[in-house]
Amino acid sequence: MQKIQRKILDHVLGEIKGLNLPGGNGVRVDTAMYTGYIIPPMYDSMIAKLIVHGSTREEAIAKMRRTLEECVVDGIDTNIDFLLKIIENENFQKGNFDTSFIAKEFGMQ
């Protein structure tokens, strides 16, 4: 069994104006947010955690891609688009990554 976990982050205060959280077999979303939720000034930047599992790495990656594509958080900026770029990265898909992956593949320090 393969598992993939991604954290949805925001970096600003704001109100969740619209929300669609994915679900289904092998998909778990851990969050306390809801439509109308106002992110307080003292908060953890992780607003949700997505966890998927599949019988193979390929299945888990496909499931995470679908989960991220279905996840809608309106009213604030999130890192969902960046998480999709990671999932679509060839080296990530092949399992060729380490702690320097983000810096190497995306030029971020």
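Val-27 stands opposite Val-52 of β6 in this predicted model, and the two residues belong to a pairing of β4 and β6 that is antiparallel and spans 5 bridges. Strands count as paired if DSSP finds at least two bridges between them; the strands themselves (E, at least two residues) and the helices (H or I, at least four) are DSSP runs, numbered from the N terminus. On β1, the pairing with β6 is also in the antiparallel sense, over 8 bridges. Here Lys-3 has His-53 of β6 as its bridge partner, while Leu-9 stands opposite Met-46 of β6.

Taken together, 3 strands make an open, antiparallel sheet in the order β1-β6-β4. Because β1 and β4 (27–31) stand at the edges with a single partner strand each, one side of each has no neighbour in the sheet. From one strand to the next, the twist averages 15°. Helix α1 lies across β1, β4 and β6, and runs at about 145° to β6. Such angles run from 0 to 180 degrees between N-to-C directions, with axes fitted as lines to C-alpha atoms, for helices over the stretch in contact.

Beyond its neighbours within four places in sequence, Leu-68 is in contact (heavy atoms within 4.5 Å) with Leu-50, Ile-80, Leu-83, Leu-84 and Ile-87.

As for confidence, pLDDT (the predictor's confidence in each residue, from 0 to 100) averages 89 over the protein, and 97% of the residues score at least 70. Local features need pLDDT of at least 70 and side-chain atom pairs count only at 80 or more, whereas totals for chains, interfaces and linings use all residues. Residues are numbered from 1 along each chain as its sequence is written, and side-chain values use heavy atoms, leaving out hydrogens and water.
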